[in-house]
Amino acid sequence: MSIRFPSLEFFRALQQRAKDDADVFEKLGVCDTTFGIRVGDDLYRIAFEVYECTEVDETNDPASLDFVLTAPVQLWKEMFASVLANGGADAAHTINTLTHVGDVMKVEYEDPEGHDRLYRFMATIQEFLDEAQHLDVELG
């Protein structure tokens with residue numbers, strides 16, 4: 001059964017995949033951050049503690065997050081299409097590239113410490129998003 005993107009179900013499926021691949025996340029090191037992914041008008045809250053994704057839900061409170069990755073729905077769909085086609089995001093569709101080249105994806109934050117957490121934990125966050133390669137995703 002396909003999982004629709006964007007949806008809370010999709011991000012919870014990524015959380016489960018991260019738990020299933022716990023050894024991969026342990027190799028990436030400790031990750032302590034609570035961040036957001038804004039897809040259009042929807043904001044998803046994702047929390048990591050130590051090596052584990054501990055929480056995924058929706059929120060209306062971006063101030064409670066370390067940072068928010070914000071992009072139009074179409075850009076997120078392009079990124080996940082790349083993940084599905086390549087077994088992970090290709091170089092043009094990584095979070096690092098999308099937040100640096102052309103500013104097509106915005107990083108919103110209130111505290112510079114929160115912004116720093118994106119760069120400190122980027123490998124874990126990218127791996128979390130790349131877990132979509134194991135899902136049957138309906139990008140619409």
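Buried means under 20% relative accessible area, exposed means over 50%, and partly exposed lies in between (1.4 Å probe, protein chains only). The views below come from a predicted model, in which local features need pLDDT of at least 70 and side-chain atom pairs count only at pLDDT 80 or more, while totals for chains, interfaces and linings use all residues. Residues are numbered from 1 along each chain as its sequence is written, and side-chain values use heavy atoms, with hydrogens and water left out.

**View 1. Phe 10 and Phe 80, an aromatic pair.**
Phe 10 is buried, and Phe 80 is buried too. Rings of Phe, Tyr and Trp (its six-membered ring) pair if their centres lie within 6.5 Å; planes under 30 degrees apart count as stacked, over 60 as edge-to-face, and the rest as tilted. By this rule there are 10 aromatic pairs. The ring centres of Phe 10 and Phe 80 are 4.9 Å apart and the planes stand at 75°, so this pair is edge-to-face. Phe 10 sits in helix α1 and Phe 80 in helix α3, 70 residues apart. Helices (H or I, at least four residues) and strands (E, at least two) are DSSP runs, numbered from the N terminus. Both rings belong to one aromatic cluster, formed by Phe 5, Phe 10, Phe 11, Tyr 44, Trp 76 and Phe 80.

**View 2. Phe 48 and Phe 128, another aromatic pair.**
Phe 48 and Phe 128 form an edge-to-face pair, with 5.5 Å from centre to centre and 85° between the planes. Phe 48 lies in strand β3 and Phe 128 in helix α6, so the pair ties together parts that are 80 residues apart in sequence. Both Phe 48 and Phe 128 are buried.

**View 3. The largest nonpolar core.**
A nonpolar core is a set of buried Ala, Val, Leu, Ile, Met, Phe, Trp, Tyr and Cys residues joined through side-chain atoms within 4.5 Å. The largest one has 41 residues, and Phe 10, Trp 76, Phe 80 and Leu 129 have the most contacts inside it. Elements that each supply at least two residues include α1 (8–20), β3 (42–49), α3 (73–86) and α6 (122–130). The largest share, six residues, comes from α1. Contact means heavy atoms within 4.5 Å. Leaving aside residues up to four places away in sequence, Leu 129 touches Leu 14, Ile 37, Trp 76, Met 79, Phe 80, Val 83 and Ile 95.

**View 4. Strand β5 and its two partners.**
In a regular strand the side chains alternate between the two faces of the sheet. From β5, Val 68 and Thr 70 point one way, Leu 69 and Ala 71 the other way, and all are buried. Two strands pair if DSSP finds at least two bridges between them. β2 and β5 are parallel and share four bridges; Arg 38 has Thr 70 in β5 as its bridge partner. β5 and β6 (residues 106–108) run antiparallel, joined by three bridges. Here Val 68 stands opposite Glu 108 in β6.

**View 5. Cys 31 and Cys 53, two cysteines without a disulfide.**
A disulfide is a pair of cysteine sulfur atoms within 2.5 Å. The whole structure has zero disulfides. For Cys 31, the nearest cysteine sulfur is that of Cys 53, 9.0 Å away. Cys 31 is buried, with a relative accessible area of 1%, and Cys 53 is buried, also with 1%.

**View 6. Ala 22 in helix α2.**
Helix α2 covers residues 22–28. Ala 22 has 31% relative accessibility and so counts as partly exposed. Its C-alpha atom is separated by 17 Å from that of Met 122, 100 residues apart along the chain.
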